[in-house]
Each structure stands twice: as structure tokens, then as C-alpha cells.
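Visitor: Could you take me through the packing and the charged pairs of this model, giving the cut-offs as you go?

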Amino acid sequence: MHQSADVSVDAMIEDLRALVETESPSRDLDALRASAKAVAALIESRLGGQAVLVESEAGPHVHWSAGGDPKVLILGHHDTVFPLGTLERRPFTVENGHATGPGVFDMLGGVVQAVHGLATLADRSGVEILVTADEEVGSRSSRALVEERALACDAVLVLEGAADGGALKTGRKGCGTFEVSVTGRASHAGLEPAAGINALIEASHQVLDIAALSRPDIGTTVTPTVASAGTLDNVVPAQATVVVDVRVESADEKERIESAFAALTPHLDGAEITVRGAVGRPPMPESASAELFAVAKKLLPGLEGTAVGGGSDGNFTAALGVPTLDGLGAVGGGAHADHEYLVIEAMAERANLVAKLVHALRNTEENESTRDL
């Protein structure tokens, strides 16, 4: 496959250390600027050329192109969910076959593996890398850029961490967050409770109505997650809010859920309800990854694939009709948790899989028409 070099696990570990030790919590613009520069430096040192920092209100996104007609987009993000200071409490460590530290699995390890995999290719023309700054908080500033570059290419390889056991992610649920705000009327809880409109009681009714929207038998989960109400223990609460996590597997369910939230009505006379939110990430159907996954399985026999509940930027690219394969990044686990880890033994195999996929998608005639799948 015309590789020019083998990947070095030791070099990947050192590059991973450099990224992890440049903390990158979402929405921290100073930290994300430093992180973007570290990602750009990694790309330029291993692949040459220039990695461009694309400024946004959420921090810099990093874009690199090898030149030539765009064919394959390598997609990732450099923001993490961990606040500044996490590194001091949980420093980058390599022991017992695992690398640990904030962001190793989600998803700095994937970025490093992709870059080192591409470095083994003598010809990288047609390949682009996009590493965004706001995936963990909804991709609001990067979505248009992600979609633009995906549409310019024939395929998207998403370097999010692998599913359990190293499986690729062949499908993802659509996901979104809704916030239901209730306005009632305050009154003295002891002297005039009936004079008030209890926003907490109204919110309780709404929680039951909302939870009833779930259809787990077809993959739809509607889960109230955060609630707040009231000011003092002797005041009928005038305000309440409920935050709801939603996951769906189909566009029809996305429409049903959004319509149901829009149609929520008060149970108590005089109460008012305001709803914000949507299923912001459309579902990624398994059909979007079928052809790419078939290629990957030929390249790495025994590779498994699975649909998962979490969302990624691959949801956006799949919704555009661009063939998308996810979970190509680190093998490990514990995303967003203190026990997050990366399996070092799998790093070289995953880096080489990315390289082989890129080579196959660029150069095999049978994949020239993947856009029409």
C-alpha cells in the first residue's frame, strides 16, 4: 500500500502526552487556543504543510489539507469535558498497558493515531483533517465548517474513541437537549398557599408527561436530568425548570419528539410553559456507514461494528448523505470519567487501519462512487 514508514508507538505516546498536557476544556478560549496550536504543531511536524487555525467564537478549529482533489475527511475535536486543573489531579500516565489522563480516549488519542497513520503514506493527496474546538458542547460554531468539508469529500472517517471491545461505531442516535421553563405565581406557603400557582407542582406534572414520550423499544429515550424550583421553604415557587436529554434513532422520531415538546400544555390554571431546544444532532443511520465498514472489515478481519447512543460530528456528515464511519480512534474506555484510559497495544493497529482506509478510499475504483451509496 505504498507506505513510507512504520508507526512508532513511542512517538505516538509522546505526541499524546503533549496534547493531554495542554488542557482544553470546552468554552475556555485561552486553553483552546493553546490546544489548537499544539494540534497544529503535531500535524505539521508529522505531515508537513500548514495547519490553519480557523477562528470561531468557541475557539480555534484546526484544518489541514494535503492538497489535490478532496476525497477523505479525517474528523475529530480537541476540546474535552474536563475543567482546568484536572491534569494536576490526574496527570498523563503510562502504566500496565494503558495511557491515562484527561482526554486520552475522548478523543486526543484518535487525533494522534490518525496523524501517525497518515504519516506512513507516501502520497497523502486528497486527504483533509479537521479538528474542531466545540464538539463536546454541541458543535454550534463548527457545524457549518464540518458540513462544508464533508460535502467536498467522498467519505468521512471520524476518530472518536472505539465502542466496547474496539468495535467501530456504525450508527449513532440523534441527540438533543430540551429545557422546559414553568412560570407560576409566588405566595406565602403558610398564609395563602392557594393564592399562588405552584411552579414545582406544574413541573412535576410536566416531568411525568415528558418521561412518557420515551419509546425504548424503538431506541427513543427521553430522560429528565436536571430540575430546579423555588426560592425559600415558606414561598410557593413561582419558577421551575426541567432539563431533558433526548436520543432517537430515526428522523420520524426526531419529528415526533420535537412536536411533542412544542405541544406541552399546563395542568394548573394560570401556569405558563416555555420550551427551548431540539434534537440538534440528527441520527446517523447504519446505512451511512455500510460501505465504509465493509472496506474496513476487509482490511482488518474480525473487526466488529455496533450502533451506539452517543452523538458525534459524524451525525452531521451522515445526515448530508456523505458516507461516514465512526469510532476509528482510540481503543479504551471511560469517556468523560476519571477512569478514562487508552489501550496502548491497539494504537499501531488503529493508526495503520486509518492509513489503509485512506489508501483504499482514494485509490480503489470500486470506491470512487461512494458518494452515491
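Visitor: Which residues is I74 in contact with, leaving aside its neighbours within four places in sequence?

Guide: This is a predicted model, in which local features need pLDDT of at least 70 and side-chain atom pairs count only at pLDDT 80 or more, while totals for chains, interfaces and linings use all residues. Residues are numbered from 1 along each chain as its sequence is written, and side-chain values use heavy atoms, with hydrogens and water left out. Taking contact as heavy atoms within 4.5 Å, and setting aside neighbours within four places in sequence, the partners of I74 are A114, L118, V127, E128, I129, L130, L157, L159, V354 and V358.

Visitor: Which other core lies apart from it, and what are some of its residues?

Guide: A nonpolar core here is a set of buried Ala, Val, Leu, Ile, Met, Phe, Trp, Tyr and Cys residues joined through side-chain atoms within 4.5 Å, where buried means under 20% relative accessible area, exposed over 50%, and partly exposed in between, with a 1.4 Å probe and protein chains only. The largest such core has 60 residues, and those touching the most other members are L16, I43, I74, I129, L157, L325 and V358. Apart from it lies another core, of 19 residues, among them V180, V182, V248 and A260.

Visitor: Which residues of α7 are buried, and why do they line one face of the helix?

Guide: Helices (H or I, at least four residues) and strands (E, at least two) are DSSP runs, numbered from the N terminus. The buried residues of α7 are E253, I257, A260 and F261. Seen down the helix axis, the directions to their C-beta atoms fall within an arc of 100°, so these buried residues of α7 line one face.

Visitor: What covers the buried residues of α7, and which residues are exposed on the other side?

Guide: The cover over the buried residues of α7 includes β9 (174-183), α6 (199-211), β10 (221-229), β11 (239-248) and β12 (272-281). On the other side of α7, the exposed residues are A251, D252, E255 and A262.

Visitor: How far is E136 from the nearest side chain of opposite charge?

Guide: E136 sits in the loop between β6 (127-132) and α5 (143-152), and, not counting residues up to four places away in sequence, touches S26, H77, D79, T80, V81, D106 and H336. Lys and Arg count as positive and Asp and Glu as negative, with His and the chain ends not counted, and a salt bridge is a side-chain nitrogen of Lys or Arg within 4 Å of a carboxyl oxygen of Asp or Glu. E136 is buried yet has no salt bridge, and the nearest side chain of opposite charge, R281, is away by 7.1 Å.

Visitor: How many salt bridges are there by this rule, and which residues are joined into one network?

Guide: By this rule the count is 19 salt bridges. R33 and D30 meet in one of 2.9 Å, N to O, and these residues are separated by about one helical turn because they lie 3 residues apart in helix α2 (residues 29-47). Salt bridges that share partners make one network of E14, R17 and E21. With the closest N and O atoms 3.6 Å apart, E14 pairs with R17, and at 3.6 Å between the closest N and O atoms R17 also pairs with E21.
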